[in-house]
Structures are given as structure tokens and as C-alpha cells.
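Hi,

Here is the structure I promised to pass on.

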Amino acid sequence: QVQLVESGGGLVQPGGSLRLSCAASGSIFTIVTMAWYRQAPGKQRELVAAIAGGGNTNYEDSVKGRFTISRDNAKNTVFLQMNTLKPEDTAVYYCNADIRPRLGSPSFRYWGQGTQVTVSS
């Protein structure tokens, strides 16, 4: 079994910053990709940022230059530093990881429980 546990959400004023963390635990041989998604009320879940094992990253256009994704492979943890937050960033943010549980096994996709980020004055 694999668990993803997120932390760091909350209420912040426009222009402020938050840092999300997500730690993976359980049966893990290697983590292929880690990512953050978000889902605002009435909208579909969308990819915010992703990072591969080698460090390559990609971002949704609206967060480029404001958000930074990083990972600590030794701790199986991914971070999302969010700066210059806007009201439209308000959403539930979900951690996602593609994890290979054993040598030679396929990878499986896991989700965290979500953490609320609210940007409001």
C-alpha cells in the first residue's frame, strides 16, 4: 500500500505565498513522476505542475513564473512553492505520484486526499 499525505494549505491574501508538501510512504521502489493538480468548484481537475525523477518540470501556463515544483527523492516528498497567489488559484490541491512498488513492476498512480488553498482578502 502507498499513501500520499499533503500539508500546507490554508487561507492567504492575494499576493501572498504558500508552500505545499506531499510525502509518499509505503511500498515504494521508485517514484517516476510527482505532480500537483487542482480542482476549483464547478471545474475539472487540472494539472498545475509536474516533476520527473531527473528533475524535468512542466507547468500550467497560468502559474508559470509564480509556482515552483521540487522534490526530495531521499524523502519521497514533493513540494509546491506558490508565490504571488491570486483569487483564481483558489482550489483543492491534490498530490499525485506514479510509483513503481517493486523492481520490474509497472508503475501505478496514487492520489493524496487534497488540501484546500483559499486566496481571498
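How far apart are the sulfur atoms of Cys22 and Cys95? They sit 2.1 Å apart and form a disulfide (a pair of cysteine sulfur atoms within 2.5 Å). A search of the whole structure finds one such link.

Before the rest, some housekeeping. This is a predicted model, where local features need pLDDT of at least 70 and side-chain atom pairs count only at pLDDT 80 or more, while totals for chains, interfaces and linings use all residues. Residues are numbered from 1 along each chain as its sequence is written, and side-chain values use heavy atoms, with hydrogens and water left out.

Back to the disulfide. The link of Cys22 and Cys95 is left-handed, with -80° about the S-S bond. It links distant parts of the chain: Cys22 is in strand 3 (residues 18–26) and Cys95 in strand 9 (residues 91–100), 73 residues apart. Strands here are DSSP runs of E, at least two residues, numbered from the N terminus. Both Cys22 and Cys95 are buried; buried means under 20% relative accessible area, exposed over 50%, and partly exposed in between (1.4 Å probe, protein chains only).

Next, the charged pairs. The structure holds six salt bridges, each a side-chain nitrogen of Lys or Arg within 4 Å of a carboxyl oxygen of Asp or Glu. One of them pairs Arg38 with Glu46 at 2.7 Å, N to O. Arg38 counts as buried because its relative accessibility is 6%, whereas Glu46, at 30%, counts as partly exposed. Another is formed by Lys64 and Asp61, with the closest N and O atoms 3.0 Å apart; Asp61 is exposed, at 60% relative accessibility.

Arg66 and Asp89 also form a salt bridge, with 2.8 Å between the closest N and O atoms. Arg66 lies in the loop between strand 6 (57–59) and strand 7 (67–72), and Asp89 in the loop between strand 8 (77–82) and strand 9, so this pair ties together parts 23 residues apart in sequence. Both Arg66 and Asp89 are buried. Through shared partners, salt bridges join Arg38, Glu46, Glu60, Arg66 and Asp89 into one network.

Four strands make an open sheet in the order 1-3-8-7, with antiparallel pairing (two strands pair if DSSP finds at least two bridges between them). Strand 1 (2–7) and strand 7 are at the edges with a single partner strand each, so one side of each has no neighbour in the sheet. Strand 3 and strand 8 run antiparallel and are joined by six bridges, and Arg19 stands opposite Gln81 in strand 8.

Cheers
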